[in-house]
Amino acid sequence: MSEADSTDFEGNDTPTPVSVKLGSTRTVLDYPDERGERSLHSTLTCLATYEDAITGAERALFGEEAAVEYPDTVRYMLRSGLPENEDGVADAERFFEELVDAHDVPEHSAVVYAVPTIDNEEGVDNLKHVIEGSAIGAAETRSFPESLCGAIPAYGDGLEAIDEVFISVNMGSTTLEACAYRRGEQLTPFSTGSVTGNEVDRWIVAAVEEESQGRVHIDRTTAREYKETHADVYDFEPFTDVVQQPGGGSHEFTVDRGVRDPVDRYIDDAVEAVANEFLPELANDHMKPYQLALGKPIAVTGGMACIPGLVEEFEKRLSAELDRDVTVVSPDDPATAAAEGAGRIAERLV
């Protein structure tokens, strides 16, 4: 970004381009810093409240700080991907308010936010209420599909994806989404809640218990940490951990298949959903775009795509399932790609 652009953002007339990905596990903000260069800020989507020891007023913490200091009462208000009820909406509003205040996001901004492809009109409306009702986005607030926003960084440094026909697969915590795009238009949007990062966490909990012959019971937060820290499709190395025994003392154990098997199962299920559910629907609805899109790289984004080797193995197994060579591309950081892509759209709008 040029020095002139930076000066414009600091003025009163040109709104600051801001993007938001309010996710079930992590929320990402993307906006220009004081030099006019875009800056990504990622934090856990969670909130904890407590009583001020001096004034007695209710105070709030969010993100990693809340998760570490208040593990027993911290609230993850978007576990299902969207705010589901009044309490979830209130928590999401408080969380988002604390987040934008902490980062001094300007009110005079043009906000683009990514929306998941979920058949939940009420939940999507709740998400819209949280973001569009906040203090930021006074100039303009618009939403775009998460799978489109995430694909933009996978295809280049600009907005080339908007002018293409392609397929995007978003491997998120709460859904696996797939969609074809024709110059930004959604074709046959598909989502399933049975192939998700959250399911992998549950499988790891069960697999670790089985691998330890019932001696070790971990929670889903620990399972997610195992997945994010140790999972690797081709170069996985067994690791050890220690748990406290209920009657005192500790137990050291080794995790091997407890992480490898759930990740392997996820890849198979993702291939099955894309190859045998989404693609046949796309071919039936839009045969010519289907043929064009399969001739181009498929964009894969989302938190599960961060696991080393997963994208490459997905490409290999999808090619075998379709009996044709398929190319898969992924952005440098699949977990923050949706916010990065939305940020480029916000800059174009400004």
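**View 1. Helix α8 against helix α9.** In this predicted model, the axes of α8 and α9 (residues 287-294) come within 5 Å and cross at roughly 130 degrees. That angle makes α8 oblique to α9. From α8, the residues in contact are Leu 279, Leu 282, Ala 283 and Asp 285. They meet Met 287, Tyr 290 and Leu 294 of α9. Sorted by class, this contact has six nonpolar residues, one charged residue and no polar ones.

**View 2. Helix α8 against helix α10.** The axes of α8 and α10 (residues 310-322) come within 10 Å, with a crossing angle of roughly 45 degrees. The two helices are therefore oblique to each other. The crossing of α8 past α10 is right-handed. On the α8 side, the contact includes Val 263, Tyr 266, Ile 267, Ala 270, Val 271, Val 274 and Leu 279. Asp 264, Asp 268 and Asn 276 of α8 also take part. On the α10 side are Leu 310, Glu 313, Phe 314, Arg 317, Leu 318, Glu 321 and Leu 322. The class tally for this contact is twelve nonpolar, one polar and five charged residues.

**View 3. The largest nonpolar core.** This core holds 52 residues. Ile 167, Met 171 and Tyr 266 have the most contacts inside it. Helix α8 (residues 257-285) supplies the largest share, 13 residues. A second, separate core has 25 residues, among them Val 20, Leu 22, Leu 78 and Leu 127. In soluble globular proteins, nonpolar side chains tend to be buried together.

**View 4. Surroundings of Ile 167.** Residues up to four places away in sequence are left out of this contact list.

**View 5. Ser 147 in helix α5.** Ser 147 lies in α5, which spans residues 146-151. Its relative accessibility is 0%, so Ser 147 counts as buried. Beyond its neighbours within four places in sequence, Ser 147 contacts Thr 117, Ser 168, Asn 170, Glu 177, Cys 179 and Tyr 181.

**View 6. Thr 254 in strand β12.** Thr 254 sits in β12 (residues 250-255). With a relative accessible area of 46%, Thr 254 is partly exposed. Neighbours within four places in sequence aside, its contacts are Glu 211, Pro 238, Phe 239 and Thr 240. Gly 56 is 198 residues from Thr 254 in sequence, and the two C-alpha atoms are 46 Å apart in space.

View 7. Most residues other than glycine have a negative phi. Asp 104 has a positive phi of about 55 degrees, although it is not a glycine. Asp 104 is in the loop between α3 (86-102) and β6 (109-115). Its relative accessibility of 64% means that Asp 104 counts as exposed. Thr 188 has a positive phi near 55 degrees, again in a residue other than glycine. Thr 188 belongs to strand β10 (residues 185-192). Its relative accessible area is 11%, under the 20% limit, so Thr 188 is buried.

Notes: Residues numbered from 1 in each chain as written. Predicted model: local features only at pLDDT ≥ 70, side-chain atom pairs only at ≥ 80, totals over all residues. Heavy atoms only, no water. Core = buried A, V, L, I, M, F, W, Y, C linked by side-chain atoms within 4.5 Å. Buried < 20%, exposed > 50% of the residue type's maximum accessible area, 1.4 Å probe, protein only. Helix = DSSP H or I, 4+ residues; strand = E, 2+ residues; numbered from the N terminus. Contact = heavy atoms within 4.5 Å. Axes fitted to C-alpha atoms, helices over the stretch in contact; angles between N-to-C directions. Parallel < 35°, antiparallel > 145°, perpendicular 65-115°, else oblique. Nonpolar A, V, L, I, M, F, W, Y, C, P; charged D, E, K, R; others polar. Left-handed = near helix turned anticlockwise from the far one by under 90°.
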